[in-house]
Amino acid sequence: MGYRFIGEYTPHLYGPFYLYAKWQPRWSFKDSGTKFDARDQLGITYKQRNWKVTPFIERKAVEGYEYRQTVYGTHFEVKL
């Protein structure tokens, strides 16, 4: 069994640009005890009429918020 909390914040910056911040702490409960990890993302979203693109950096952590890994990625969304 596990639980995940997702908080997202996307305030308008200027023109078609928005800040993208996502906080994702996660807990799982197993026989060996409680495990914790987090995947937090920070990026900039560029929006147009029917599409948007968000390059971001993701910080992964386990056992508290101790740094473990950094991932770079891109979200791309099109409304049909």
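What share of the 80 residues in the protein chain do buried residues make up? After that, please take me through the salt bridges.

Guide: Buried residues make up 20% of the 80 residues in the protein chain; buried means under 20% relative accessible area, exposed means over 50%, and partly exposed covers what lies in between, with a 1.4 Å probe and protein chains only. This is a predicted model, in which local features need pLDDT of at least 70 and side-chain atom pairs count only at pLDDT 80 or more, while totals for chains, interfaces and linings use all residues. Residues are numbered from 1 along each chain as its sequence is written, and side-chain values use heavy atoms, with hydrogens and water left out.

The confidence comes next. pLDDT is the predictor's confidence in each residue, from 0 to 100. The protein chain averages 89, and 99% of its residues score at least 70. Strand β3 (residues 12–14) has the highest confidence, at 97, whereas β1 has the lowest, at a mean of 79.

The protein chain has eight strands and zero helices. Both are DSSP runs numbered from the N terminus: helices are H or I, at least four residues, and strands are E, at least two. The radius of gyration is 15 Å, well over the 12 Å that the globule rule gives for 80 residues, so the protein chain is more spread out than a compact globule. That radius is taken over C-alpha atoms, and the rule is 2.2 Å times the number of residues to the power 0.38. Along the principal axes, the C-alpha atoms fill a box of roughly 50 × 25 × 20 Å.

Now the part requested. The structure holds two salt bridges, each being a side-chain nitrogen of Lys or Arg within 4 Å of a carboxyl oxygen of Asp or Glu. In general, side chains of opposite charge can pair when their charged atoms come close.

Asp37 lies in strand β6 and Arg26 in strand β5 (residues 25–30), so the pair ties together parts that are eleven residues apart in sequence. Arg26 has a relative accessible area of 22%, so this residue counts as partly exposed.

The other salt bridge is between Glu77 and Lys52, at 3.9 Å from N to O. Because Glu77 belongs to strand β8 (residues 66–78) and Lys52 to strand β7 (residues 51–62), this pair ties together parts that are 25 residues apart in sequence. Glu77 is partly exposed, at 40% relative accessible area; Lys52 is also partly exposed, at 28%.

Arg26 has a further neighbour in Lys35. Leaving out residues up to four places away in sequence, Lys35 touches Arg26, Trp27, Ser28 and Glu63, where contact means heavy atoms within 4.5 Å. Lys35 lies in strand β6 (residues 33–47) and is partly exposed, at 38% relative accessible area. Glu63 is 28 residues away from Lys35 along the chain, yet their C-alpha atoms are separated by 6.7 Å. Across the protein chain, 29% of the contacts between residues at least 6 apart in sequence join residues at least 24 apart.
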